[in-house]
Amino acid sequence: MTPAGAERPSPDRILRDEHFMRLAIALGGRHLGLTWPNPSVGAVLVDESGDSPMILAQGVTQAGGRPHAERIALEAAGERARGATLYVTLEPCAARSSHSHGPSCSDLIVAAGIGRLVVSVPDPSPFAAGQGPERFGRAGIPLSTGCLAPEGARLHGGHITRVTRGRPAVTVKLARSTEGFAGARRGPRLMLTGEAANGRVHLMRAHADAIMVGVGTVLADDPLLNVRLPGLEGRSPVRIVVDSRLRTPPTARLVAGAGMIPTWIVTTVDAPVEPERALAARGVEILRVSSDANGRVHLPEALQLLGTRGLTGVFCEGGPDLADALARSDLVDELVLITGRSARGQGDVPALGPALQDRMDFLNPWAEEQIGPDLFMFWERP
Ligand SMILES: NC(=O)c1ccc[n+]([C@@H]2O[C@H](COP(=O)([O-])OP(=O)(O)OC[C@H]3O[C@@H](n4cnc5c(N)ncnc54)[C@H](OP(=O)(O)O)[C@@H]3O)[C@@H](O)[C@H]2O)c1
C-alpha cells in the first residue's frame, strides 16, 4: 500500500521487499503454537546501503510470547541497525502491556534509528492499532504496510481473530475417502491417509495452540492427539474434548496422558459432577459453559472462553458432527479437506454435513497440495 502522495515503489523494490518479507513470514511461522496469547511475529533487518542488500539480523517471537521479534533482531544488530530496513510481519506494538516488559517495539525502532520500515499486516490490538505509524511519521521513518498482506494475514489469522472476534481462529480438518466418507459406524477404524499425509497433519498440530475433537471421536478412536514427528515431540499443543455430558472415559488414552500434555474438556453446566471428579483426579481440566438448544455444548460460548484463556488458533480434528456444528455457528475460519486416495476399509459416515457444505460456498479455496497419494485442499474465510 503506497501512502497518499508517496512515490510508487519500483518493480525491483517491490520484488526485494517481497523477498525479505517472505523470509520474515517463514520465521514467524516457526513459532506458531508456542507464543499464545501473543502472535508469532517474524522480523528481518537488512542493510541496503551497499550494491546488494545484506541481512544483518533476524528475529522471531520467543516461546511464551516474549521477547518480541523486533527486539531480538534490533539487539542482535546493535549499532548496525542505524539506517537499515526492518521487515516485520505484523505492525509493531506501540504501547507497553506492563512496565516489566520494557519499551514497546515502536519505541525501540525509533531509538535504533531504523531507515525504513516494511510491515505486512496492521495489528488491530489496542497495544498497536495504528499508534506506531503516527510515531514513525514523527520520527521521519518511512513506513509501508501491506507487503505480502494475504500471507501475513494467514500467519496472524489466529491473533487477529482473537482480537476482533474474541475467540481463537478455528481450522477444521477432515479426511475423507474418494467416496466422501470420514469414518465407519461399526468395525475397525477407517484408515484414510498415508504416512506422508499423516506427517503433514502432525506438523499442523505442532503449529496450533490446541487440538479439538468431539467426544464421538474419543469414543470411536481413542486418539492420543499429540505430535509424534521426530524432533517435534515437545510441540504437542493443548488437547480439548467437546463433551456435553462428560462421557469421556477416565481410561481414555488422552486422559492417561493429561499429566504430560494439558487436556481440557469443555462440557455444559448441566453435566454430572461424578465423572468430573474422576477426570480431574487424572489431571484433566473441566470447563463448563451453557448448553445450546439441543443440550449440547454452546460452541460460540465455548470458543469465547478459549479466547479468554489466550488461545489464538484451534485445530479441530473432530468428526463430521462437530465440524458441521461449528459451520452452523459460523465458526469455521479455515477448512482443510484431505481426500485419501489410498483409503483402506469401508466407510458409512459422510465427511461433509449439510451446514459445512453450505458454508463452503462462502469460503475461498486458496491452495491444493498433493502429499503422496493424498490431496489436501485449503479454504479460508474471505
Ligand atoms: N475423517 C476424519 O477426519 C475424522 C476425524 C475424526 C473422527 N472421525 C470419525 O468420525 C466418527 C466419529 O464421528 P463424530 O462426528 O461423532 O465425532 P465428533 O464430531 O468428534 O464428536 C461428536 C460429539 O461431540 C459432542 N458435542 C458436544 N457439543 C457439541 C455440539 N455443540 N455440536 C456437535 N457435537 C457436540 C457430541 O456428544 P455429546 O452430545 O455427548 O456432547 C457429539 O456426539 C468416527 O467414525 C471417527 O473415526 C473421522
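Buried here means under 20% relative accessible area. The views below come from a predicted model.

**View 1. Helix α7 and its packing partners.** Helix α7 spans residues 195–206, 12 residues in total. From first C-alpha to last, α7 reaches 17 Å, close to the 16 Å expected at 1.5 Å a residue. Six names make up its buried list: Ala197, Val201, His202, Met204, Arg205 and Ala206. These buried residues pack against strands on several sides of the sequence, namely β6 (169–177), β8 (210–214), β12 (313–316), β13 (334–340), β15 (364–371) and β16 (374–380).

View 2. Leu192 sits in the loop between β7 and α7. Its relative accessibility is 8%, so Leu192 counts as buried. Leaving out residues up to four places away in sequence, Leu192 touches Ala175, Arg176, Ser177, Phe181, Ala182, Gly340, Arg341, Ser342, Ala343 and Asp374. Thr171 is 21 residues from Leu192 along the chain, and their C-alpha atoms are separated by 19 Å.

View 3. The shell around the ligand has 28 residues, of which Ala175, Thr217, Ser244, Asp321 and Leu322 come nearest. A polar backbone atom of Ala175 is 2.7 Å from a nitrogen atom of the ligand. On its own the ligand has 900 Å² of accessible area, and the protein covers 89% of it. Elements giving two or more residues to the shell are β6, β7 (181–183), α8 (215–221) and α12 (320–328). α8 gives the most, with 5 residues. By class, the shell has 13 nonpolar, 7 polar and 8 charged residues.

**View 4. Helix α12, a contributor to the ligand shell.** Of the 9 residues of α12, 7 are buried, so the helix is largely enclosed by the rest of the structure. The buried residues are Pro320, Leu322, Ala323, Asp324, Ala325, Leu326 and Ala327. Leu322 is also among the residues that come nearest to the ligand. After α12 comes Asp330, with a positive phi near 55°.

**View 5. Thr85 in strand β3.** Strand β3 covers residues 85–90 and includes Thr85. Thr85 has 3% relative accessibility and therefore counts as buried. The side chains of Thr85 and Glu48 are joined by a polar contact of 2.4 Å. Beyond its neighbours within four places in sequence, Thr85 is in contact with Val44, Leu45, Val46, Glu48, Arg116 and Val118.

**View 6. Two cis peptide bonds ending at proline.** The bond from Trp36 to Pro37 is cis, with omega near 15°. Pro37 lies in the loop between α1 (11–30) and β1 (42–47). The bond from Arg66 to Pro67 is also cis, with omega near -10°. Pro67 falls in the loop between β2 (54–60) and α2 (69–77).

**View 7. Positive phi at Asp222 and Leu246.** Asp222 is not a glycine, yet its phi is positive, about 45°. Asp222 is in the loop between α8 and β9 (238–242). With 27% relative accessibility, Asp222 counts as partly exposed. Leu246 is not a glycine either, and has a positive phi of about 55°. The loop between β9 and α9 (253–256) holds Leu246. At 5% relative accessibility, Leu246 counts as buried.

Key:
Residues are numbered from 1 along each chain as its sequence is written. This is a predicted model: local features need pLDDT of at least 70, side-chain atom pairs count only at pLDDT 80 or more; totals for chains, interfaces and linings use all residues. Side-chain values use heavy atoms; hydrogens and water are left out. Helices (H or I, at least four residues) and strands (E, at least two) are DSSP runs, numbered from the N terminus. The expected span of a helix is 1.5 Å times one less than its number of residues. Buried means under 20% relative accessible area, exposed over 50%, partly exposed in between (1.4 Å probe, protein chains only). Contact means heavy atoms within 4.5 Å. A residue is near a molecule or strand if one of its heavy atoms lies within 4 Å of it. A polar contact is a pair of N or O atoms within 3.5 Å; within protein, one must be able to donate a hydrogen and the other to accept it, and residues adjacent in sequence count only if both atoms are side-chain atoms. Accessible areas come from the Shrake-Rupley method with a 1.4 Å probe; for residues, only the protein chains shown count as cover. Ala, Val, Leu, Ile, Met, Phe, Trp, Tyr, Cys and Pro count as nonpolar, Asp, Glu, Lys and Arg as charged, and the others, Gly among them, as polar.
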